[in-house]
Amino acid sequence: MEMLKVKNLSISFGGLHAVDSFSITVNKGELYGLIGPNGAGKTTVFNLLTGVYKPDMGQIILDGKNITGLSPVEINKAGIARTFQNIRLFKNLSVLDNVKIGLHNNYNYSTISGIFRLPSYFRTEKRMNEKAYEILEVFGLDKEADILSANLPYGKQRKLEIARALATNPKLLLLDEPAAGMNPAETEELMETITIIRKKYDLTILLIEHDMKLVAGICEKIFVLNFGTELANGLPQDVLNNPEVIKAYLGE
Amino acid sequence: MKSKMLKINKSARSSIITVGMILIAYIICQALIVTGNMSNLLQNLLVSMCYYAIMAVSLNLTVGFLGQLSLGHAGFMCLGAFAGAIFSKCTVNAIQNTFIRFTLAILLGAVVAGLFGIFIGTVVLRLRGDYLAIVTLAFGEIIKNVLNVLYIGYDSKGIHLSMKDAISLNLEDGGIVLVKGAQGISGTPRDATFTVSVILLLITYLIIVNLVNSRSGRAIMAIRDNSIAAESVGINITKYKILAFSISAALAGIAGVLYSHNIATVQSSKFGYNLSIMILVFVVLGGMGNLRGSIISAVLLTLLPEYLRFLRDYRMLIYSIVLIVMMLYNWAPACVAWRNKLSSNLAAMLKKSKKEEL
């Protein structure tokens with residue numbers, strides 16, 4: 001079953017074709033890697049998929065529903081959640097609150113019942129806390145629930161971003177360089193976590209990564225982007241041994 | 001799960017401390033008044049300390065929690081002041097019960113200011129930073145200047161409006177002019193007592209504390225911390241910006257109603273950008289997102305200029321120096337470290353003396 005189907009997605013900034021005729025099909029439950037040299041347009045693809053940029057051309061279909069041109073909020077509600085290459089946490093809020101903000105659209109009570117502390121406030125907050133702790137436990141962050149997210153060590157901040165994205169209950173999770181700046185041990189741990197959440201939450205994942213060990217280790221398929229266009233696409237061993245790909249990464 | 005309980009207790013404890021502080025201050029003031037130990041000067045300032053504190057707390061919602069710089073907060077206070085005063089003047093004979101009349105005036109002031117908050121917020125909140133500050137400043141001035149030339153009167157035929165003068169209202173004999181342009185409204189019943197003001201301050205404080213610690217409040221703070229990430233987790237930025245801005249405006253309206261029922265004449269010229277800036281100073285000095293700080297700094301900085309009157313021409317000079325010193329003491333890292341050291345030393349000394357007692 002197709003979870004994400006992208007056809008001929010294109011965008012240019014001035015004269016630069018940042019992404020040119022990008023097409024990809026991600027099946028339900030797959031873990032797809034999106035790789036490519038610096039400036040290839042990987043993050044731009046993520047920004048297009050999540051509605052930060054509106055495509056000049058092309059179509060994005062999520063689980064049978066056309067989401068092309070929708071706003072980031074609507075796309076998140078449709079089922080895509082993401083993390084950012086440069087960490088974007090709510091720094092002045094606690095770890096727990098960061099996850100609870102992710103739960104915002106799944107647990108509802110009115111502003112009025114929040115201000116006047118009506119019963120629905122206490123009921124829903126309790127359920128939100130339970131759910132948030134459940135997610136934090138998966139990432140081993142439940143002990144740090146009360147500290148400010150800005151005070152977390154770097155690796156845990158990256159994990160918290162994934163936890164927050166997961167809290168929105170997505171069908172498709174986009175991870176933008178989840179292992180950037182991590183040491184090998186942390187990367188190893190992250191790979192385990194990704195494998196666990198994939199099973200537990202029945203996720204389809206598309207991830208951008210430069211760490212080839214991680215990409216080759218957990219990705220089932222790999223898409224290589226170069227200068228905004230497709231260079232290679234397929235199974236890891238085929239793609240990573242493709243001479244064109246090696247040339248793009250290492251030069252001739 | 002244990003730590004979750006602690007967290008709830010922590011924010012609840014902080015608000016209990018603040019409410020307790022307000023109540024203790026209130027009781028001390030009342031005791032001083034009853035025993036005749038409070039000067040007239042201070043007695044006259046009690047209500048104004050409360051409405052300035054309400055202004056500071058409400059502006060803190062926009063500036064501290066939503067993270068948007070608004071310089072037009074006095075405009076909303078102005079709207080509340082006029083709406084409440086007009087209502088009270090019209091109904092002073094119809095509704096004899098002061099409590100009911102004043103409650104309705106407060107609600108009306110809050111609703112009018114809140115509606116304008118929604119309207120202005122919808123227009124201006126697409127802007128950010130300096131641009132937003134300038135546009136809110138402009139809207140504050142527009143409100144002030146429109147009310148400055150507005151004449152309202154009523155007679156048996158209904159309400160008459162004019163923007164020229166009182167004569168062009170064409171009132172019948174016996175018609176009453178409510179709002180006299182630059183002269184404003186006079187003769188509003190003096191319903192704002194110190195007790196009512198303190199109750200309203202407490203209500204305002206609790207509304208904002210509860211809002212901030214709820215689902216909507218988290219969304220508001222998420223927008224402040226990182227609006228791109230907030231959007232990416234499905235938070236409707238426009239909705240929550242307008243929500244925070246209009247609640248903040250409505251609460252400023254309440255402060256306005258208190259103002260107009262505390263003073264003989266309400267003139268819109270009093271609600272210029274000087275007032276907006278002054279309230280912003282209270283907020284910045286008290287700390288962004290720190291409601292207790294806002295209340296304390298509003299009270300202190302309302303008292304200070306009055307007690308500096310003996311300095312005559314040098315009054316504002318000293319006032320500004322005090323501001324700078326307070327700002328440094330509150331927020332300069334070296335001062336914060338020194339203060340922490342002092343308080344831990346004090347705590348150690350207390351512990352020691354307790355042990356010796358035992």
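Me: Is A:Glu220 buried, exposed or partly exposed?

Reply: Under 20% relative accessible area counts as buried, and over 50% as exposed. In this predicted model, A:Glu220 has 33% relative accessibility, so the residue counts as partly exposed.

Me: Which side chain does A:Glu220 meet in a salt bridge?

Reply: A:Arg198, at 2.6 Å from N to O. The pair links distant parts of the chain, 22 residues apart. A:Glu220 sits in the loop between helix 8 and strand 9 of chain A, and A:Arg198 in helix 7. A:Arg198 counts as buried because its relative accessibility is 18%.

Me: What does A:Lys221 pair with?

Reply: A:Glu30, in a salt bridge of 3.1 Å. A:Lys221 is partly exposed at 24%, whereas A:Glu30 is buried at 12%.

Me: How many salt bridges are there over all chains?

Reply: The search finds 18. One of them crosses the interface of chain A and chain B. There A:Glu125 meets B:Arg218, with the closest N and O atoms 3.0 Å apart.

Me: How is the size of an interface given?

Reply: Often as the accessible area lost when the parts come together. Here chain A and chain B bury about 3,000 Å² between them, 58% of it on carbon and sulfur atoms. A:Phe90, A:His104 and A:Ile115 supply 20% of the area that chain A buries against chain B.

Me: How many residues does each chain bring to the contact?

Reply: Chain A brings 35 and chain B 31.

Key
Residues numbered from 1 in each chain as written. Chains lettered and ligands numbered in written order. Predicted model: local features only at pLDDT ≥ 70, side-chain atom pairs only at ≥ 80, totals over all residues. Heavy atoms only, no water. Contact = heavy atoms within 4.5 Å. Buried area = accessible area lost by both parts, 1.4 Å probe. Salt bridge = Lys/Arg side-chain N within 4 Å of Asp/Glu carboxyl O. Buried < 20%, exposed > 50% of the residue type's maximum accessible area, 1.4 Å probe, protein only. Helix = DSSP H or I, 4+ residues; strand = E, 2+ residues; numbered from the N terminus.
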